[in-house]
Amino acid sequence: PGPWRVLFLDHDDTAVASTASIHHPAHCETVRVLRPDLTPVSIDEWFELNHNPGIGEYLKSLFSPEQQKEEHRIWLQRMEEAGCPPFYDGFLDILERFQAAGGKLVVVSHSPSAVIEGHYATTRVKPDLVYGWDQDEAKRKPAPFPVHDALAKLGYSKEQAVMLDDLSPGIKMAKAAGIPSIHAAWAYSVPSIDAYMKVETEAQCATVEAFAALIEPAIVSLKGEAAKI
């Protein structure tokens, strides 16, 4: 792998275990309040809908513009009440080693930037840049803007970057921006998503340990460059 110098990474169900404890329950509550005529989807169905057609399109199909505002309020309230979900065991250690060696971390997520920054504030890792749901649609994944903008700000080329995500929006963003992608598959397994990722990503990591092994050569290379300075 490599020469990876910039790691673009998703947040929910890639860095933190948040869907089961926050996002899916919030959606179920929203459906019960705003669309009592419907039965909330299961968590696996929720993952599939986030994957395709994407959460924004799915919510538009359920709720009117006014209802979408209330949905957003319930979602934000649930995140605030839940606090910081747990980071996956060993994941922060990888990020810390990559960053300490000179690598750059860019979070690209559909959670609000302030929430992501708050989660990382409880750790020793501080992402170099964060792009969240609070960006307009043209500036959030799957649009390639976050990659283009971050690489320009950090001074790196697309050949030096890689994307880590558990769902298609990040993979589509990576492909549109011309960078490789890795499937973060340690949070759950949904056959349709797994099948898509085997075709569309350059690597699939079923465990955090597998991702650690995959990115280790980049960390070693970064350390070698630093030693020459």
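Begin with the largest pocket, which holds about 820 Å³ of space. Select N50, I55, G56, H110 and W133: of the 38 lining residues, these are the closest to the pocket's centre. (On a 1 Å grid over the protein atoms alone, a pocket is an open set of points where a 1.4 Å probe fits, with protein on both sides within 12 Å along at least five of seven lines; lining residues have an atom within 4 Å of a point. The volume is the space filled by probe spheres set on the points.)

This is a predicted model, where local features need pLDDT of at least 70, side-chain atom pairs count only at pLDDT 80 or more, and totals for chains, interfaces and linings use all residues. Residues are numbered from 1 along each chain as its sequence is written, and side-chain values use heavy atoms, leaving out hydrogens and water.

Next, the salt bridges (a side-chain nitrogen of Lys or Arg within 4 Å of a carboxyl oxygen of Asp or Glu). The count is twelve.

Pick R78 and E29, whose closest N and O atoms are 3.4 Å apart. R78 is in helix α4 and E29 in helix α1, so the pair ties together parts 49 residues apart in sequence. (Helices are DSSP runs of H or I, at least four residues; strands are runs of E, at least two.)

Now jump to D165 and K141, a salt bridge at 2.7 Å, N to O. D165 is buried at 1% relative accessibility, and K141 is buried at 5%.

Methods:
Buried < 20%, exposed > 50% of the residue type's maximum accessible area, 1.4 Å probe, protein only.
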